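Here is a short report on one protein chain.

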Amino acid sequence: MDKKILSSLLAFSFGCGMVYAQTAEIGTWAGFRKGAASFTFDDGAPSHVSDAGPMFKKYGYKATFNVVYNWNPDWNGFQGLANEGHEIASHSNSHGNNMSGEEASSKTNIGGRIKQKYGIITVAYPNCNVPNESAVKQNYIVGRICNGSWKGMNDEMGKDGPSNWAQTPATMTGDEGQLKTTNDFTGRMQKVIQSNGWAAFLTHGFQGKQNGNANYSPTDINAIDGALKWAQQNDKDIWVAPMGFVAMYIKERNASKAEASTSGGNITVKLTHNIKDNISDYDYPLSLRVKYSGSTANVTQAGAKLESKIDGGYVYFDAVPNEGDIVIAGEGGSGPIPESSSSVEIPQTSSSNTPVSSSSRNNPWGQSSSSATNPWGPNPWGPQSSSTTALTAETVDFSAVAVYRTADNYIEVSGAKGMPITVYNHMGQVIRTTRGLGMVQKVFSGAKGKYLVKVGNKTFKVSL
Ligand SMILES: [Zn+2]
């Protein structure tokens, strides 16, 4: 055997057994966006259900609704908002001048009426007065005051949130607030895009709407509509999400280790933290990227497929800490191309795509932008499909499961007993998670558009 062959054989066998250190980065914000914005609504107004909910649905965004238990808000209406992925939070039992003494009980009371994935993890203080801070911190991951500037702080926060989580600022909107017009909101969002920070807004009722007890400082709902429209157009830069979810993201991001290694042609990422406590499991998905030179990748966590995107020499995906090893494998078992490979293929958006609206063209999930993850992949809708109600399963070995649109415009799932079901909007945001019941169940109804429904580890496409 000649020396050359021997040495290459040695190198080969070495290569197979070696474990290479890799870097996995956690995005400052979800989707590797540049800034975050949270819309919060106080006092449980009827108009929050009747007007704010549909407005947010139109843009695919979620907000935080802080309700007062003793004011007996429209529990069904707010549960409906929770089902759509909004955060329902505490604004005390009685809305006294200071809610001290109601920190734990209001959480229990409201949590008894509203069922939601992450529980009651946010509290907004009535009249902006900070109650017992240690009681707040024993029950919530974030306590919200009003304008930071009223307390000598900035209104906007940095990437790590407030210096004290029991005093998280939000800027008041409306007649008595600093933010009145769409430009006022977009100015704040532009500011945090520049600073990689977080802006939160505090709205009560709306001008000319049914506000119940939320009659302080009514806001022009069109100003918020315009702000959400702007956010959607700038979705690759600004992450709009409920206050409690952003707080979870920050805490998980800062506490998590993301350790990657390469072995046997696969990259394995271990994403873990140890901050789980009696308030939260801190299981909000984090956005990660790992250097990757392949043109296709199959990303799984604990064996379940994760949506992923390859762009600019990275593979991007969202994963939940402490939920098992994340494995990145090249398609077809070929494994990732070594990092030194010179060719990096960036998937192109094909012209045969299903036409998308101008707003979704601007979203990062549909474009090969380097600043975003893409759970839809580079070409989520594949070849042009007609807008019939029937859906085609992408795989045939899953024949028991079916996903389709009903005549009354619901997404319905059948044959998914016990399986996790996740509905994503066209921006790749989770808008509903539930579990299969068995026979047939309606899982979502919402704005016209395209959705992905993940049942178990299979993904289906549906249009409403
Ligand atoms: Zn209030």
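## Aromatic residues

One aromatic cluster is formed by Phe39, Phe41, Phe56, Phe65, Phe78, Phe185, Phe201 and Phe206. The structure holds 18 aromatic pairs. Rings of Phe, Tyr and Trp (its six-membered ring) pair if their centres lie within 6.5 Å; planes under 30 degrees apart count as stacked, over 60 as edge-to-face and the rest as tilted.

Tyr118 and Tyr284 have ring centres 5.7 Å apart and planes at 50 degrees, so this pair is tilted. Tyr118 lies in the loop between α4 and β5 (122-124), and Tyr284 in the loop between β11 (266-272) and β12 (286-291), so the pair ties together parts that are 166 residues apart in sequence. Tyr118 is buried, and so is Tyr284. Buried means under 20% relative accessible area, exposed over 50%, and partly exposed in between (1.4 Å probe, protein chains only).

## Basis of the model

This is a predicted model: local features need pLDDT of at least 70, side-chain atom pairs count only at pLDDT 80 or more, and totals for chains, interfaces and linings use all residues. Residues are numbered from 1 along each chain as its sequence is written, and side-chain values use heavy atoms, with hydrogens and water left out.

## Charges over rings

Two arginines are described here. The charged end of Arg253 sits over the ring of Trp29, 5.0 Å from its centre. Arg289 lies over the face of Tyr314, at 3.9 Å from the ring centre. A charge sits over a ring if NZ of Lys or CZ of Arg is within 6 Å of the ring centre and within 35 degrees of the ring normal.

## Salt bridges

How many salt bridges does the structure hold? There are 17. A salt bridge is a side-chain nitrogen of Lys or Arg within 4 Å of a carboxyl oxygen of Asp or Glu. Arg289 also takes part in one: Glu25 is its partner, with the closest N and O atoms 3.2 Å apart. Glu25 lies in strand β1 (residues 20-26) and Arg289 in strand β12, so the pair ties together parts that are 264 residues apart in sequence. Glu25 is partly exposed, at 29% relative accessibility. Arg289 is buried, at 17%.

Lys209 forms a salt bridge with Asp51, and their closest N and O atoms are 3.5 Å apart. Lys209 lies in the loop between β8 (198-203) and α7 (221-233), and Asp51 in helix α2, so the pair ties together parts that are 158 residues apart in sequence. Lys209 counts as partly exposed, at 35% relative accessibility.

## A salt-bridge network

Lys191 forms a salt bridge with Glu156, at 3.3 Å between the closest N and O atoms. Lys191 lies in helix α6 (residues 182-195) and Glu156 in the loop between β6 (142-144) and β7 (171-172), so the pair ties together parts that are 35 residues apart in sequence. Lys191 is partly exposed, at 49% relative accessibility. Glu156 is buried, at 14%. Salt bridges that share partners join Asp155, Glu156, Arg188 and Lys191 into one network.

## Zinc site

Which residues are the protein donors of the zinc ion? They are Asp43 (OD), His91 (NE2) and His95 (NE2), lying 2.1 Å from the ion. Donors are N, O and S atoms within 2.8 Å of the metal (3.2 Å for Na, K and Ca); water is not among the atoms, so sites may look incomplete. The donor spacing in sequence is D-x47-H-x3-H. Asp43 is in the loop between β2 (35-42) and α2 (46-59), while His95 is in the loop between β4 (87-90) and α4 (103-113), and this pair links distant parts of the chain, 52 residues apart. Both Asp43 and His95 are buried.

## Glu84

Glu84 is found in the loop between α3 (75-83) and β4. Glu84 is buried, with a relative accessible area of 16%. Leaving aside neighbours within four places in sequence, Glu84 is in contact (heavy atoms within 4.5 Å) with Lys57, Lys62 and Ile431. Glu84 and Lys62 are 22 residues apart in sequence and 8.2 Å apart in space, C-alpha to C-alpha.

## The whole chain

The chain has nine helices and 24 strands. Helices (H or I, at least four residues) and strands (E, at least two) are DSSP runs, numbered from the N terminus. Of its 464 residues, 54% count as buried.
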